[in-house]
Amino acid sequence: MSISTAAGVFDATAAGPPDGRPVLLLHGFPQTRLVWKRQLAALAASGCRVVAPDQRGYSPGARPARPEDYRVGALVEDVVAITQELGWASFDLVGHDWGGAVAWWTADAHPGRVRTLTVVSTPHPGALATALRTDEDQRERSRYMIDWRETPVTEERMLAADAAELRASYAGQVPPESADAYVRHLSRPGALTAALNWYRAGRPDGAIGVVDVPTLYVWSTRDSAFGPTAARETGQWVSGPYRFETLDGVSHWVPEEAPESLNSLLLGHLRANGEPGTTAKSPTVDSRKR
């Protein structure tokens, strides 16, 4: 399906009954909406109406050229615009990797829209900032982001030799057919630069606060990008009902490496905050945090 907004046209996959409980899934880098294949099936089977878009830059119809057009505020407004176009007054929000960061910012800025929040891998941005200040291990884990922001030939290097570096980032934990699909997608003209612009956009315009919606945070012990300090600190940034789950021996690529475990946790989180198959009810008033 295609979702038209003022920012452009987003490609998306939808599943489940049209009147089911609305759930939005946000992917990260370097992937696409395909990452959610197993979650789409599980959520649809539970009666949810689930939509997974290719986010800004990943959808050819929503691919601005300037790095500053990928600032987190614009990414959050994409979430709002997509859900408004879908007619969703409120929705359950799920994000992984960069999609998780956008999900945290959206829940903070628009708690009236986000019924529940589930974030996979990515700690709360405030917790990550604390870890970067205090924990050398996290600084080492995050060093790649500096390289990607500041090295002009990153795209060329990642795509060289049949995208060997890009493929290596999946660490053998992503199904080969999915890795091939991601490489094909990001090898198209302008696609990888747009995806890397998420890293090059600059700092957020403001500070993020404490999230007060029901939140599930799933972290895995073999995550190469996010260490235990930021993961444990995340609970300090949630004032609503909070559940922290650790997947032992699982890498960063949780949705594809451990889909059954993630699906069980996600469905349990939805059940704890209303039956998964019920439509969320919320007024269509201004949802911004005040």
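I began with the hairpin: two residues connect strand 1 to strand 2. This is a predicted model, where I took local features only at pLDDT of at least 70 and side-chain atom pairs only at pLDDT 80 or more, with totals for chains, interfaces and linings using all residues. Numbering runs from 1 along each chain as its sequence is written, and side-chain values use heavy atoms, with hydrogens and water left out. Helices (H or I, at least four residues) and strands (E, at least two) are DSSP runs, numbered from the N terminus.

Strand 1 (residues 2-5) and strand 2 (residues 8-15) run antiparallel, joined by four bridges; strands count as paired if DSSP finds at least two bridges between them. I found Ser 4 opposite Val 9 of strand 2.

**Largest pocket.** Next I looked up the pockets. A pocket is an open set of points on a 1 Å grid over the protein atoms alone, where a 1.4 Å probe fits, with protein on both sides within 12 Å along at least five of seven lines; lining residues have an atom within 4 Å of a point. Volume is the space filled by probe spheres set on the points.

The largest pocket holds about 1000 Å³. Its lining has 33 residues, with Leu 128, Leu 132, Met 145, Arg 149 and Pro 204 closest to the centre. By class I get 21 nonpolar, five polar and seven charged. Helix 4 gives the largest share of this lining, six residues.

**Helix 4.** I then checked helix 4 itself. Its buried residues are Pro 125, Gly 126, Ala 127, Leu 128, Thr 130 and Ala 131. They pack against helix 3, helix 5 (136-141) and helix 10 (228-233), with contact meaning heavy atoms within 4.5 Å.

**Second largest pocket.** This one has a volume of about 390 Å³. I noted 19 lining residues, with Tyr 144, Trp 148, Ser 169, Ser 224 and Trp 253 nearest the centre. Helix 6 and helix 7 (154-168) are the elements that give two or more residues to the lining. Helix 7 provides the largest share, three residues.

Technical notes:
Nonpolar A, V, L, I, M, F, W, Y, C, P; charged D, E, K, R; others polar. Buried < 20%, exposed > 50% of the residue type's maximum accessible area, 1.4 Å probe, protein only.
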